[in-house]
Amino acid sequence: MKTEIKYPQSQNPKVPEAVRPFYHSFPLQLRFNDIDMVGHLNNSIYISFLDLGKVHYFKAVMGSLVDWHHIPVVVVNINISFFSPSYLDEELEVVTAVYAISERSLKMEQRVINRVTGDIKCVAHTVMAGFDQKTATGAPIDPEWADAIRKFEGL
């Protein structure tokens, strides 16, 4: 049975409410080379963290049905809003939820969060579209994926 992930309330009034509850999280490991000259996590690293979150989200949702050589969705748009810097010694994780799914695309929200304080570092909204690797063209989302995501998210 899945459980909604809860964190301490963010104290930043600029952070928007989540579109829907999160049922998936993945702990992140920060490395020294992820830190920029100012001592913050470099903004480019967040994309890698979000990608890790997506991989582990789909693995949790699909289980052994994921064929990593033939992923049926690709990122077509991503927007990230940054709210708080991250530092090397923080305990961070990424939470992931799909909040809308249609025949050819899905919308995903992800957040990088300090799991101890609840401080939200960034909020990302991603659109992923169905993709056929053989023809390198758009395609409907695999019905097995769509059904598994809807079941996992309660959509």
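Q: Helices (H or I, at least four residues) and strands (E, at least two) are DSSP runs, numbered from the N terminus; where, on this basis, does Ser 10 lie?

A: Ser 10 lies in the segment before E1. The model is a predicted one, in which local features need pLDDT of at least 70 and side-chain atom pairs count only at pLDDT 80 or more, while totals for chains, interfaces and linings use all residues. Residues are numbered from 1 along each chain as its sequence is written, and side-chain values use heavy atoms, with hydrogens and water left out.

Q: Why is Ser 10 called buried?

A: A residue is buried under 20% relative accessible area, exposed over 50% and partly exposed in between (1.4 Å probe, protein chains only). Ser 10 has 16% relative accessibility, so Ser 10 counts as buried.

Q: What makes the approach of Ser 10 to Asn 12 a polar contact?

A: The term requires a pair of N or O atoms within 3.5 Å; within protein, one must be able to donate a hydrogen and the other to accept it, and residues adjacent in sequence count only if both atoms are side-chain atoms. The side chain of Ser 10 reaches the backbone nitrogen of Asn 12 at 3.2 Å, so the distance falls within the limit.

Q: How do you know that the buried residues of helix H2 line one face?

A: Helix H2 (residues 143-153) has as its buried residues Trp 145, Ala 146, Ala 148, Ile 149, Phe 152 and Glu 153. Seen down the axis of H2, these buried residues fall within an arc of 165 degrees, so they line one face of the helix. The arc is that of the directions from the helix axis to the C-beta atoms. The face turned away from the buried side carries the exposed residues Pro 143, Asp 147 and Lys 151.

Q: What covers the buried residues of H2?

A: The cover, judged by contact (heavy atoms within 4.5 Å), includes strand E1 (24-27), helix H1 (43-62), strand E2 (73-82), strand E3 (92-101) and strand E4 (105-114).

Q: What makes Arg 20 and Glu 153 a salt bridge?

A: A salt bridge is a side-chain nitrogen of Lys or Arg within 4 Å of a carboxyl oxygen of Asp or Glu. For Arg 20 and Glu 153 the closest N and O atoms are 3.3 Å apart, so the pair qualifies. The pair links distant parts of the chain, with Arg 20 in the segment before E1 and Glu 153 in helix H2, 133 residues apart. Both residues are buried, Arg 20 at 17% relative accessibility and Glu 153 with a relative accessible area of 1%.

Q: Why is Ala 136 called exposed?

A: Ala 136 has a relative accessible area of 54%, which is over 50%, so Ala 136 is exposed. Ala 136 lies in the loop between strand E5 (120-132) and strand E6 (137-138). Ala 136 also has a positive phi of about 55 degrees although it is not a glycine.

Q: Why is Phe 49 called buried?

A: Phe 49, found in helix H1, has a relative accessible area of 4%, so Phe 49 is buried.
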